[in-house]
Amino acid sequence: MAAQRIDIELYSDTRTRPTQAMRSAIAEADVGDEQAGEDPSTNALCARVADLLGKEAAVFLPSGTMCNEIALAVHCRPGDEVIADRTCHLTNFEGGGPAALAGVFIQGLDGERGVFTADQAAAAIRWRDRYAPRTSLISVEQTANLGGGTVWSLAALEAVGSLAKEHGLATHMDGARLLNAVVASGVPAADFAATVDSLWLDLSKGLGCPVGAVLAGSQAFIDEVWRWKQRLGGAMRQSGILAAAGLYALDNHVTRLADDHANARLFADLIAAVDGISVTPEHVETNIVYFDVSGTGLTAFDIAERLVEKGVRIGAFDAALMRAVTHLDVDEEGVRIAAEVLGDIVRSG
Ligand SMILES: *Cc1c(COP(=O)(O)O)cnc(C)c1O
């Protein structure tokens, strides 16, 4: 059977395809050997991101997952414990990497839509004695993906940051959607970044690049990251082809994230009016909309399948929960159509 044509793709902001202008930037990229430090486009991208985040250095990696896994390995020793929200990507979507690669385990806190408090983190820090694992790192996710694209406020991050300092713990930010948080809150990226030792941003989510992520921190941290990058096979050659897309996206695809946020909120407002769908539009702070369909008499899987028949893709997480994510390949009209098609499916039962 031929694959169903998808006209409106709301499954994830990873589904964006490079624009013509981005493809031109890729085609014209100045390149060299990245492993040797001789790829000018990759070097420019790393310098640009380090500057944006107010950190000493940065490194280009194939994925956000590799940024997270390497950061854990550099900050922690095997047997250490990491404090993070229970919904975090580290725990749920990295194939057990924290245990398999860094040899750490994660104490998952029960935060509010993916955001925990400094008090919760304080209560989770272990006694320093030989019976307990050593707590070595606190990790936060900006925005909190499974939390619904929630933005960590600067005040919340600062509170967690000073707690960590007080206890001699390292701090890491999974900034897959950091720039969504920046655009939604108006807080400069460097201010968010100042609250943590290391952080990264993803080029292949809302920024619309085909591949890549950039991890930043102190020079000493990045020197160690490079050993892991080499070890895991993440060191590249003419990666300027990819970095050029990242530079293009930082110039052209950041402020427009506000459109994605407006479209996500619009989608939530529209589907809130459909009987049987439960959604809280005020919780839609960025580009992610979670909604519950258990009141419709249909399962999320059924609805997802029927949406695909109509050329609309929205993810089903379990029988009740669905997730729609906006991005640069979906405009306001697309979101309106998706909401209408979803409403029709639910009403026809
Ligand atoms: C997508 C995502 C990642 C992983 O990034 P990849 O580039 O897909 O490996 C990590 N954390 C969060 C919160 C994400 O949404």
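Residues are numbered from 1 along each chain as its sequence is written, and side-chain values use heavy atoms, with hydrogens and water left out. In this predicted model, local features need pLDDT of at least 70, side-chain atom pairs count only at pLDDT 80 or more, and totals for chains, interfaces and linings use all residues.

Me: Why is helix 8 called roughly perpendicular to helix 12?
Reply: The axes of helix 8 (residues 178-185) and helix 12 (residues 257-272) cross at roughly 80° and come within 9 Å. Angles of 65 to 115 degrees count as roughly perpendicular. That makes helix 8 roughly perpendicular to helix 12. Helices here are DSSP runs (H or I, at least four residues), and strands are runs of E of at least two. Axes are lines fitted to C-alpha atoms, for helices over the stretch in contact; angles run from 0 to 180 degrees between N-to-C directions.

Me: Which residues of helix 8 and helix 12 meet?
Reply: Leu179, Asn180, Val183 and Ala184 in helix 8 meet Leu257, Ala258 and His261 in helix 12. Contact means heavy atoms within 4.5 Å. The residues of this contact divide into five nonpolar, two polar and no charged. Ala, Val, Leu, Ile, Met, Phe, Trp, Tyr, Cys and Pro count as nonpolar; Asp, Glu, Lys and Arg count as charged; the others, Gly among them, are polar.

Me: Why does alanine 268 count as buried?
Reply: Buried means under 20% relative accessible area, exposed over 50%, and partly exposed in between (1.4 Å probe, protein chains only). Alanine 268 has 0% relative accessibility, so it counts as buried. This residue is found in helix 12. Leaving aside neighbours within four places in sequence, alanine 268 is in contact with Val279, Pro281, Val284 and Val289.

Me: What makes strand 8 mostly covered?
Reply: Five of its five residues are buried. Ala213, Leu215 and Gly217 lie on one side of strand 8, Val214 and Ala216 on the other.

Terms used. Angles under 35 degrees count as roughly parallel, over 145 as roughly antiparallel, 65 to 115 as roughly perpendicular and the rest as oblique.
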